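Here is a protein with a ligand to look at together.

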Amino acid sequence: MKKGLLIVFSGPSGVGKGTIRKLFFDRPDLNLDFSVSMTTRQPRVGEVDGVDYFFVTEEEFKKSIENDEFLEHAEFVGSYYGTPKAYVEKLRNEGKNVLLEIEVQGALMVREKMPDALTIFIVPPNFEELERRIRGRRSEPEEIILQRLEKANRELKTMGNYKYVVCNDDPQLAADLTALIIKRHIETAQ
Ligand code: 5GP
């Protein structure tokens, strides 16, 4: 069986990665699976442990680093995030194309370890729209929102590290374009 692709789906916080992903994820021709990350941040309202993230303590997270359990991990605005390695490999060996929805430091780590990974970066139509989306969540204190905005500004400058950049002006169009890119890579992978 052909090993599945590793797809890095990245972009600044608030750009709409999750919304876009949900619009293309279930297409049967893409044969996708999602890597659930581990994080030390608090769950937002509606988030489910084991579905959105594995919510863990800092101690548990550090233990996983020591045990070399992550494909990549990064610190983001005071919390840690990481991709459990074993699960990703298991899915890829079963022929699934695995999507990692991660921030830019982690994406860079994956690119170094796995140059064949398909890397896609989502950009907002402009920064004002990104700020509106980050503020629209209303789930975080102003201090964290400002940190996320500052971080987003720096993250946008890394788009040159990705194979593809897709603008999220219209989420359905961004999802269709992303699906097209993935489809093309599935077809051309040996
Ligand atoms: P949020 O707190 O908004 O859920 O996530 C913050 C940022 O961390 C987002 O850009 C999200 O894509 C990213 N992220 C989620 N899981 C991981 C992971 O396992 N590794 C890395 N490096 N980033 C992650």
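Which of the 17 residues around the ligand come nearest? In this predicted model, the answer is Ser37, Arg41, Tyr53, Tyr81 and Glu103. Sorted by class, the shell around the ligand holds eight charged, five nonpolar and four polar residues.

| Residue | Ligand atom | Distance |
|---|---|---|
| Lysine 17 | oxygen | 3.1 Å |
| Glutamate 72 | nitrogen | 2.7 Å |
| Tyrosine 81 | oxygen | 2.5 Å |

How much of the ligand does the protein bury? On its own the ligand exposes 510 Å², and 96% of that is buried by the protein.

Where does the ligand sit? You will find it in the largest pocket. Two elements give two or more residues to the shell around the ligand, namely β5 (70–76) and β6 (79–84).

Now for the wider view. The protein is built with seven helices and nine strands. Along the principal axes, its C-alpha atoms fill a box of roughly 50 × 40 × 30 Å. The radius of gyration is 16 Å, which agrees with a compact globule, because a globule of 190 residues would have a value near 16 Å.

Definitions and conventions:
Residues numbered from 1 in each chain as written. Predicted model: local features only at pLDDT ≥ 70, side-chain atom pairs only at ≥ 80, totals over all residues. Heavy atoms only, no water. Near = heavy atom within 4 Å. Polar contact = N/O pair within 3.5 Å; in protein donor to acceptor, adjacent residues only side chain to side chain. Areas by Shrake-Rupley, 256 points an atom, 1.4 Å probe, with all protein chains shown as cover. 1 Å grid on protein atoms, 1.4 Å probe; cavity = no way out; pocket = protein on both sides within 12 Å on 5 of 7 lines; lining within 4 Å. Sits in = over half its atoms within 2 Å of the grid points. Helix = DSSP H or I, 4+ residues; strand = E, 2+ residues; numbered from the N terminus. Nonpolar A, V, L, I, M, F, W, Y, C, P; charged D, E, K, R; others polar. Rg over C-alpha atoms; globule rule 2.2 N^0.38 Å.
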